[in-house]
Amino acid sequence: MMTTRTVLRGGRVVSDGGSAEVDLAIVDGTIELVGEVPSGPDDHEVDCSGRLIMPGLVDGHTHADGRVFDDEVAFALLRQGVTTVIAGQDGVSYAPGDGSYATRYFAAINGAHPTYRGGGVAALLAGYDQATPINVGYLVPAGTVREQVMGLRSGRPAPDELIAMRDLVAQGMAAGALGLSTGLDYTPGLFADADELASLCRPVAEADGVYVSHLRGYEEDSPAGLAELIKICETSGARGHVSHFHARPELMFELLDEAAARIDLTFDWYPYSRGCSVLGMVLLPPELLAEGFDATTAAISTPAGRTAVIESWLPRLVAKEHLGATWADKLALAHIAAPQYGWAHGLTLSEAARRAEAEPMDLGLRMLAAADLEVSVVMRTQFDRGDDDLARILTHPAQLTGSDGIFIGRSTHPRGWGTFARLMEVFVRERGDLTWSQLAEHSSTLPVRAFRLGRRGELRRGAVADLFLLDPARIRDNATYPAPRRPADGVDDVWVAGERVLADGQLTGIRSGRGIRRG
């Protein structure tokens, strides 16, 4: 039986080394030839005139872990040229364990996984094979590992607990995980110190994996946060990566230069000034969460319990430099899993409080109790940086793109639908901060190398045929804060493992994505 060959003709093939007007042939999921391709009688030819042929983009930081099976989410990613996502971020996701910790704690971020109920990293990755049009790589989440062994309590692990945690990490790496992630603002990850994390990173280093960290401090606190990451990497031998790094460009570059002299380091970034996370990270004391999610919900369900939290936590919250006295003005309600508060979506917490004739923190705690902690917010940051500053960051040689996309919520952040489209529209086509080949380097080649994703990221013979066609004149980011779920324009055709998963702007129903095992 003869294999059908797909030949892309008339386009301009782009890679991190430049671009050229040549043909590209795909056979059995890989690129057979880039150059002059003679016609064959059984070829399926695609006219690419006026379009660029680009390597599939890699979203280096996403929360599509359980939502990538959803056609709306896959469509949003493919319409930006994204063919691979890196999940297991911020120290919280489904495996190892049965998934219940992440499903409960990150209900407003990752949501529930439709099929995974246990079996570890191997089972989770197998669940992505041929089940989605997007490839999924996975980081072992350190917070989940700690919860499996120690629950949510604070304190250092006993020697046998540390061994058990390290064994879980080693098992995940053996199953194909890309590295270890931490979320040092989330419970129980925030209770882990550098020595504990360095110990967990040793099996990561042995497998040539990467330590990926939501730091313990950004902006002006970045020096301490990055110093801790460097210590962990130097002690363990693991490569390092900073999640959603945000700070003054001058400070970032100084810190990155210092770090690069000591460790192998990359970072991910998205072209927005606002963030998004769970409301509980802002309003709930870690010591309360350490008592358990049921106990936390019960405590804030009573007036006395809320008063106790407000009296103990509000002074500390206001003292945080990035929040301050106007903290409630900076939090816009993105997702509230309580129908009685549906009216508040899109409002800031202070606006909702005025409408409800309530105090902002008391209202926020009541929302968390009613929604069993499933509330997320879009957060204004301390500094509203413009495109000039963002452009300086995106051109840094260690930068790879990560949307931090959250696909749950009526008024969620637009970055899941718009990050890569905005990069292409604003920073390549309009401003010219990057060329198309430089975009391919930062958003495809570099993340493939950093996360060890195998034969991807370049359009060359023998590479996996993850690629897309881009109309540079039409590329447009349509997602906004008021209307975040609008797909991008300009990417109508995408191939994953040589299969056409998006054709003429529509999903084909082909699910050729894989759970990517570390290459």
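Mentor: R306 is found in helix 12, where a helix is a DSSP run of H or I of at least four residues, a strand is an E run of at least two, and both are numbered from the N terminus. The model is predicted, local features requiring pLDDT of at least 70 and side-chain atom pairs pLDDT 80 or more, whereas totals for chains, interfaces and linings use all residues. Residues are numbered from 1 along each chain as its sequence is written, and side-chain values use heavy atoms, with hydrogens and water left out.

Trainee: Why is R306 called buried?

Mentor: Its relative accessible area is 11%. Buried means under 20%, exposed over 50% and partly exposed in between, with a 1.4 Å probe and protein chains only, so R306 at 11% is buried.

Trainee: Which residues does R306 touch?

Mentor: Residues up to four places away in sequence are not counted; R306 then touches A299, I300, S301, D362, L365 and R366. A contact here means heavy atoms within 4.5 Å.

Trainee: How do you know whether R51 is buried or exposed?

Mentor: R51 has 17% relative accessibility, and therefore counts as buried. The residue lies in the loop between strand 6 (44–47) and strand 7 (52–55). Apart from neighbours within four places in sequence, R51 is in contact with several residues, including G11, R12, D471, D492 and D493.

Trainee: What makes the approach of R51 to the backbone oxygen of D47 a polar contact?

Mentor: A polar atom of the R51 side chain lies 3.1 Å from that oxygen. The limit is 3.5 Å between N or O atoms; within protein, one must be able to donate a hydrogen and the other to accept it, and residues adjacent in sequence count only if both atoms are side-chain atoms.

Trainee: Why is R117 called exposed?

Mentor: Its relative accessibility is 56%, so R117 falls in the exposed class. R117 is located in the loop between helix 2 (100–105) and helix 3 (120–126).

Trainee: What makes R262 and E234 a salt bridge?

Mentor: Their side chains meet at 2.8 Å, N to O. R262 belongs to the loop between helix 8 (249–260) and strand 15 (265–269) and E234 to helix 7 (residues 222–236), so the pair ties together parts 28 residues apart in sequence. The criterion is a side-chain nitrogen of Lys or Arg within 4 Å of a carboxyl oxygen of Asp or Glu. E234, at 41% relative accessibility, is partly exposed.

Trainee: How do you know that E287 and R316 also qualify?

Mentor: Their closest N and O atoms are 2.7 Å apart. Because E287 lies in helix 10 (residues 286–289) and R316 in helix 12 (residues 303–319), this bridge ties together parts 29 residues apart in sequence. E287 is partly exposed at 40%, and R316 is partly exposed at 38%.

Trainee: Why does the pair E430 and R429 count as a salt bridge?

Mentor: The closest N and O atoms of E430 and R429 are 3.7 Å apart, and the pair therefore meets the criterion of a salt bridge. R429 is partly exposed, at 32% relative accessibility. The structure holds 37 salt bridges, and R156, D193, D195 and K231 are linked in a network of them.

Trainee: What makes strand 8 and strand 10 edge strands?

Mentor: Three strands form an open, parallel sheet in the order 8-9-10. Strand 8 (57–59) and strand 10 (135–138) each have a single partner strand, so one side of each lacks a neighbour in the sheet.

Trainee: How do you know that strand 9 and strand 10 pair?

Mentor: Strand 9 (residues 82–87) and strand 10 are joined in the parallel sense over 4 bridges, and pairing asks that DSSP find at least two. A87 has Y138 of strand 10 as its bridge partner.

Trainee: Why is the chain called as compact as a globular protein of its length?

Mentor: The chain has 17 helices and 23 strands. Its radius of gyration is 23 Å, close to the 24 Å that the globule rule gives for 519 residues, so the description holds. The radius is taken over C-alpha atoms, and the rule is 2.2 Å times the number of residues to the power 0.38. Buried residues make up 63% of the 519 residues.
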